[in-house]
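Hi,

Here is the structure I promised to pass on. My notes on it follow below.

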Amino acid sequence: MPAVSKGDGMRGLAVFISDIRNCKSKEAEIKRINKELANIRSKFKGDKALDGYSKKKYVCKLLFIFLLGHDIDFGHMEAVNLLSSNRYTEKQIGYLFISVLVNSNSELIRLINNAIKNDLASRNPTFMGLALHCIANVGSREMAEAFAGEIPKILVAGDTMDSVKQSAALCLLRLYRTSPDLVPMGDWTSRVVHLLNDQHLGVVTAATSLITTLAQKNPEEFKTSVSLAVSRLSRIVTSASTDLQDYTYYFVPAPWLSVKLLRLLQCYPPPEDPAVRGRLTECLETILNKAQEPPKSKKVQHSNAKNAVLFEAISLIIHHDSEPNLLVRACNQLGQFLQHRETNLRYLALESMCTLASSEFSHEAVKTHIETVINALKTERDVSVRQRAVDLLYAMCDRSNAQQIVAEMLNYLETADYSIREEIVLKVAILAEKYAVDYTWYVDTILNLIRIAGDYVSEEVWYRVIQIVINRDDVQGYAAKTVFEALQAPACHENLVKVGGYILGEFGNLIAGDPRSSPLIQFNLLHSKFHLCSVPTRALLLSTYIKFVNLFPEIKTTIQDVLRSDSQLKNADVELQQRAVEYLRLSTIASTDILATVLEEMPPFPERESSILAKLKKKKGPGTVTDLEEIKKERSFDMNGTAEPASVVTTPSPSADLLGLGAAPVTNSAPPPSSSGSLLVDVFSDPASAVAPLAPGSDDNFASPDLASSEVVSEEPADTVHDADELFHKFVCKNNGVLFENQLLQIGLKSEFRQNLGRMFIFYGNKTSTQFLNFTPTVICSDDLQSSLNLQTKPVDPTVDGGAQVQQVVNIECVSDFMEAPILNIQFRYGGTFQNLSVKLPITLNKFFQPTEMSSQDFFQRWKQLSNPKQEVQNIFKAKHPMDAEITKAKIIGFGSALLEEVDPNPANFVGAGIIHTKTTQIGCLLRLEPNLQAQMYRLTLRTSKEAVSQRLCELLSEQF
């Protein structure tokens, strides 16, 4: 072997790597590696002390072997010894080895920490940089505990060099993201803000990243950063590309810093200081003006950097939503991108315009581009761009263009990509309902929708059209006539048969006078479809037949013959057999009066939020076009075309369900048969709300809130506390419903979550005819909860009129896992009497679940990996509710995890998988529920990487069965 020079080239390492690359087989590679490991081990254990170069070389070889995928179980001490070297190359290799191979539980961590502290205290910028990089790369909780207090001092020290400040800022950012509770806020926070004025743009860029993350959790601490960020942004935007030569990228001055500053400004509302606000407006106008200038380079890097700044500026304009001129200019600029040759730009333009469409200032400007968007829908080759075009059409839709947009969506639906058809169907159904002035158009649209894409029309869609037809007397005859004509087609989709069967069963008498749609013809038409339908549809048609017995006595015998046939009375399906037997018996023995009573027309459905809209929100997730339209616009329309403010809704009766969230009344007519697709509605429908009665003659109907118990407190604690706790647990697997109700007040919730973010709408309904004064709802978090859950609440009007409802928005960010729930405390005056109540807000850890699909092999492999006793929690408990398999499935899905089919060897067991998303980490979760029907017991097993999370999820889920 040639002599090795003791320079930094490490020829021995180069030879070893060359040998590995020249190996002809895996066996040869392993043999060469084992030989090298034996050699290194003998060198480390030999009597002769190794010099720094040799240690570095052998540690480098171990690192290379580890990166090839082989386990390394020695050499750690030698790597730690390299940290004390005064040579850069040796210290660098030592830190590199530690960053890659040493875990946080290592016994060497104390020695490593001492070496890092020595380097941080050395004031040698090179050594300080290596130490900071190591801390950031490891980023463990132990590192945060050891150095989170030291790094801010280095960052704001006056004598720290610029390169070290950059590393310190990014290192602190890394520690804050992994362990925010260990990074202390203090005097350094006000000093770090002033780094935005630093002469070195690299320091400013790193500091901006840090401040943006810190400001999201502690906005008040960093409020002063707004004016400094505006000032720095102004200097960048107005500078020539030659002024910032080192940070100019293809003629765009400091594009990355500009984007970061614009993102920082999005953490705050528009500046209150007129001078700062004016300067920011000038910056944004300058960015928009520069977008109109001819490009200074034809290279794609130039346009990418320029557009990155432009789109971030538009995001800030949309976030502030306060400058009509800027919003319209942004819309026009985006409109130019709609026909750009680059697909990415068209996509981003459509996405940004979706948000702009929800602003009252720019909505009309967005509508001017409707023809371009429709053209994109027809001609765009990329399916993701077409989907954004659909989103934009949905967002820009209003009464003036609803029919045009719905027609275009229906045309596109015939050739649309299969992956987005269901979403388009939901949007067409929502728009048709929301903007229907003429209900004949609505009925025609939905039937056309079923004809074009019947397979993608969910039960919520056809349920909704039936509800609207039943609630509208003026459209019932037209609906009956239209579905009768539609059913005459040779091939009808099954959903059309369902709608036709239901509507003709209720309103077939309205068209029976026409000889072309006589009772017998109606019956024969429906029965001709019977044998082609699934069991649920046949069950519905049997209900229609018995309705016909009441509506049309003249065909009673014909219907009885059908019910009496062997294919019905001896049907293999127990549901169809039971219906046939019962309906036949009912039609035979019941008098005309009894039949008329039992089979009377369905009463109107209570008005509530469209279930189709709820399904679309669930499909799209929070923060989408649907939410922006419903929340940011804050305008809603009823079905007859009048606009109502979303924040206050009046009701005629104090005893009415102010929120539209109560359960539908039980009727004596058979509703459309539900299948597993609608189980969530059935399982989690709101029960009759628990009403806490007022104590008669009491001056204060509610006692002071007891925050320790976190329950609603009243003078009848036994019933009220129990009911409140029960209602809280019902929200574990659902997001909407009535949280609390008494004779004065009704509190309802609608919430949505995605990853670690959520938004909750709290509705306060005044059930009396007297005003509530000084109405003050407050969300209270304990000290522990504040570090784990970031809640931002918007104030509400202190006066709530009698019979009115006000809405409060709570924005939620899950920073880390938590066990408790926040408390909602409400204080107000009613008739001169002070009222005070507290109730738990159902913000639970499982709300931040994202379901994860996995195969049986992956599931059990991961299950074995989480075999540490601390990672598993098991609970065996008695069933509190009937042990229905479909309901159990629905509850597991509602809990947030994916329900994994055909994974467990026992088909009666249920298994699920998901990931809890927090800002700082992601926690994988596996669950297994084993029912014992004979003993009426369950065994629930949860495994996650954190014991506390396993315990909490087990407690929450155990309450559901």
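**What I found**

Leaving out neighbours within four places in sequence, Thr544 is in contact with Gly501, Tyr502, Gly505 and Leu526 (contact means heavy atoms within 4.5 Å). Thr544 sits in helix H29, residues 535-551. Helices here are DSSP runs of H or I with at least four residues, strands are E runs of at least two, and both are numbered from the N terminus. Thr544 is buried, at a relative accessible area of 3%; buried means under 20% relative accessible area, exposed over 50% and partly exposed in between, with a 1.4 Å probe and protein chains only.

Before you go further: this is a predicted model, where local features need pLDDT of at least 70 and side-chain atom pairs count only at pLDDT 80 or more, while totals for chains, interfaces and linings use all residues. Residues are numbered from 1 along each chain as its sequence is written, and side-chain values use heavy atoms, with hydrogens and water left out.

On the whole chain: the secondary structure comes to 41 helices and 19 strands. Of the 961 residues in the protein chain, 52% are buried. Take the contacts between residues at least 6 apart in sequence, and 69% of them join residues at least 24 apart.

Next, a helix pair. The axes of H7 (residues 125-138) and H10 (residues 162-178) come within 9 Å and cross at roughly 15°. Axes are lines fitted to C-alpha atoms, for helices over the stretch in contact, and angles run from 0 to 180 degrees between N-to-C directions. H7 and H10 are therefore roughly parallel to each other (angles under 35 degrees count as roughly parallel, over 145 as roughly antiparallel, 65 to 115 as roughly perpendicular and the rest as oblique). Residues of H7 that meet H10 include Met128, Leu132 and Ile135, and on the H10 side Val164, Ala168 and Cys171 are among those in the contact.

Ile370, Val373, Ile374, Ala376 and Leu377 are buried in H20. They cover an arc of only 155° around the axis, which puts them on the same side of H20; the arc is that of the directions from the helix axis to the C-beta atoms. The face turned away from that buried side carries the exposed Glu371, Lys378 and Thr379. What do the buried residues of H20 pack against? Helices H18 (343-356), H19 (363-367), H21 (383-396) and H22 (402-413).

Cheers
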